[in-house]
Amino acid sequence: MKLSRRSFLTYTAGGALTLFLVDPRTGARVALAEVPAETLPAESIPKFVSPLLVPPTMPRSRRTGGRGTGTRGPVDHYDISVRQFSQQMLPADTYPATTVWGYGPVGGGAGRQGHSAPSMTIEAEHGVPVRVRWVNELVDADGGYLPHLLPVDPTLHWANPDLRPGQGGMRRTDIRPDFTDLTYVPPEGFTDPANQYTTYQGPVPMAVHLHGAMGMGDESDGYPEAWFLPDATDIPAGYAPSGTWYDFFRQKSEAVYGVGWGTGEQVAYYPNHNNDSTLWYHDHTLGITRLNVYAGPAGFYLLRGGEHGEDHVLDARSGKRAVLPAPAPGGAPGRGKKPTYEIPLAIQDRSFNADGSLFYPDTRAFFDSYEGPYVPKTEVAPVWNPEFFGSTIIVNGQTWPFLEVEQRRYRLRFLNGCGSRFLILDLNDIPKVRAHRIGNDGGFLPAPHDLAPDGLHLLLAPAERADVVVDFTDVPLGEHVLANLGPDEPYGGGEPGVNFVPAHAATTGRVMAFRVVRARGRDRTTPPEHLVLPAPPPTPKAVRTRHLALLEHMHTSEPGEDAPTAALLGVLEREQTDTGSRGKAAAKTWADPVTENPAVGDTEVWKFYNLTGDAHPVHVHETPFEVLDRRHIQTEEDTYVVGVGESFGPVPVPAGDRGLKDTVISYPGTVTSVRMTFHNPGQFVWHCHVLEHEDNEMMRPYRVGPVQDGQPEDGPHDH
C-alpha cells in the first residue's frame, strides 16, 4: 500500500499509537502498524484538575531616557535569560514535574515569578522602545553546557556549532552537511551502514525572535544564522560560539546603540511601532526551532496604545471611549490577586513519558513507518519528522487546566503555539455563550466579528493569534469545556467530519474547562456588538507583484512508496498562453541567493501559490500585511500551474483575516495574495510556521534595500 504525506499517526481508544493511511477522497482510514510512542497515554491523564496559570508580567530591569536610541523618550530595559528547570505540567497529585526550558529575569529562579514555560508576559507601550538583553543560560550548576532535551537531527541544514576541521582544513556551519565531501567530519557516533545516527549532544544554540514586531533593525530580529551558544566553561575546542551572521549584527548593533553584547548574549531593540496587538517571542535558531520551542521557551508580548489602540475603541451608543474587559486596576494579566478579566491563553500540544519528561520522536519512522535508507544513501533525514502532533493539549503550560470565570464578559487572547497543529476552537459545549473576535495578529479588526455565524468556531493556524471577547453572562453555572475540532494530522481546509476526521474527542479534542460562577459585581464593559474599533491604516498602492511558490519534495525509495523529504519555498515564473496564464515553480533552499529584494519604502503584493497537499501558515518578518484575496488554481504533477487568472474568482476574505496580519493560511490548490510596505532596510526571512517545515528548507531570506557593507554573502558559508 502506498505511503504518502496523508499517512499520519493517531491514538486508538486504548491509548496506543497507530499509523493510519488516509484516502484523501473519502477520509477512510486503514491501520498499518503500531510504532513506539510516549509511555504516558494521554487518555490516562486526569482532565480539568489543575487551575490555569496566567503568566505574570515580566519585571523591567530599569527605565532610562532615550540617549543613543534615536528617541527622546523613555526606554524600557529587560535582562532575560533562558534556563532549564522543572515545572509541573501534568497534574501534580499524580505525575512528576517535567524538565523544560523557559525565559525569565536574569538572576531569577524557576516558578511563577521567575523562569517558566510559557514565560512571563512583556507589557509594552506603543512608541516606547524596549531593549532586551537575551542571555543563553542553558548551563548546569557548575557552568557546563547542557545538551538538548530533544533529539537533534545532524543531517539537516541547521546551525551546527561543531566545526572541527576536516582534511581540507575547512570549518563550516549553517549549512546542510555534504557526506560526499571529505572535508566534512560527521558528528561523533555517526555511522551509515546500519542507518544508525547519533543525534547532536553539544551545547545548544539559541536566537530569539519577537514574532510580529515591525520597524526594528535586522540585528534585533533573531535571524536564524545569528544564534549563540551559552557562555559555558566547557565549550569543546573547534565549536563555533555563534552563527554566521552573529558578529555582523553584533557590530552593527553596538555601533548604532552603543551597548555591547556579552558572550552568550543577543541585545535586541524593539521600537514598538506596531499597532496595539498581541505579539509573542520564541526561539528561531536555524534547523532546530521546532525543538527549542517544543522544549518551552516562548512568551506573550502585549503592545498597548497608539492611535489604533485601546484608548481609541469607542462605544457606538455614546460615542465615548469603550470599556474592554481588563486586568485589575494598575495591573496587567497575571499580576496581583484581584480578578483578571483579560487573559492570554497559549495553546500547545505535547506528548509525555511516564516519568514526566517530554516525548518527541527520535526517528523518522514515527511519522510514516519509513525505516530507510536514510541520508546519505537517500535524501530522507533519519530523525526529522515532516509533522508532529502531540497527544495532549496544554494551555499556559499545563495539561487540560480549568479556569474559574464569572457570569460576565472576558477578553481572551488566544495563541496557537503548536508546531504543526491547526486548531479549530469550538465553543458549542458552552451553553448560551456569546463570542466576538475583535483582533488578530496585527491588532484590532475593522469591526467586531460575531462567531455565531461561523458555528462558534475559531480557526487558528500555528502562530496565529485571536483577540476575542467571550460573554459568559448567560452561561449556566458549572463546568463547560472548550473543544478543538482541528485534525490530528496535516490540515488542508474544509469542514470537520466532512473533509477530515476531527481531533480525538477524549484527548486533543479538548482544550480546557471553564468553571462558571456568579458574577461578583456589575459588568461595566461595553458589549462587543457596540464596539467601534479603530480603522487600520491604509496600505499604499503596490509597485510590484511577486509570484511565490509553496512546494514539497518527495523521495521514492521503492515503487509505490513515497517519503516527504523537505518542504520548500520558491518562485513562480509566469507566462501567457492562448488559454490564460500559467507558470512553473522553481524551488529554492535556504542557502540559495536572495530572490525577494524590495526597495525601502516599496509596497508590494506577494502571491503565495500552494502546490502541496496541506495548508501552510506563511509568516513574513518585520512588516505586517493586508490579505487581499484567495483564488483557486489548477496544478499539474510537474508543478506547472495553469488557469491562474480572472476565470477563477476570488474567495472572500474571512473576517479574521481582515485588518493587518503577520501570518496567513495558504490553502492547497490556491493562490493567496497579500500586500505590504517595507519600511526598514536589512536582511529578514519569510517562512512556513509549521515548525517542522521551517526547520527543513521551508524558509527563505529576503532583503529590503541594498546589500549592507560587511554582511555575509548569500549561500553556503565557509569559515
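Is F388 buried or exposed? At 3% relative accessibility, F388 is buried, where buried denotes under 20% relative accessible area, exposed over 50% and partly exposed in between (1.4 Å probe, protein chains only). The model is predicted: local features need pLDDT of at least 70, side-chain atom pairs count only at pLDDT 80 or more, and totals for chains, interfaces and linings use all residues. Residues are numbered from 1 along each chain as its sequence is written, and side-chain values use heavy atoms, leaving out hydrogens and water.

**View 1. The aromatic pair W134 and Y281.** The whole structure holds 34 aromatic pairs (ring centres of Phe, Tyr and Trp, the latter by its six-membered ring, within 6.5 Å; planes under 30 degrees apart are stacked, over 60 edge-to-face, the rest tilted). W134 and Y281 form a tilted pair, 5.4 Å centre to centre with 45° between the planes. Because W134 belongs to strand β8 (residues 130-136) and Y281 to strand β11 (residues 277-283), the pair ties together parts 147 residues apart in sequence; strands are DSSP runs of E with at least two residues, and helices runs of H or I with at least four, numbered from the N terminus. Both W134 and Y281 are buried.

**View 2. The aromatic pair F359 and F388.** This pair is also tilted, at 6.5 Å between centres and 50° between planes. F359 lies in strand β15 (residues 358-359) and F388 in the loop between α3 (365-368) and β16 (392-395), so the pair ties together parts 29 residues apart in sequence. F359 is buried, with a relative accessible area of 12%.

**View 3. An aromatic cluster.** W606, F608, F678, F684, W686 and Y702 form one cluster.
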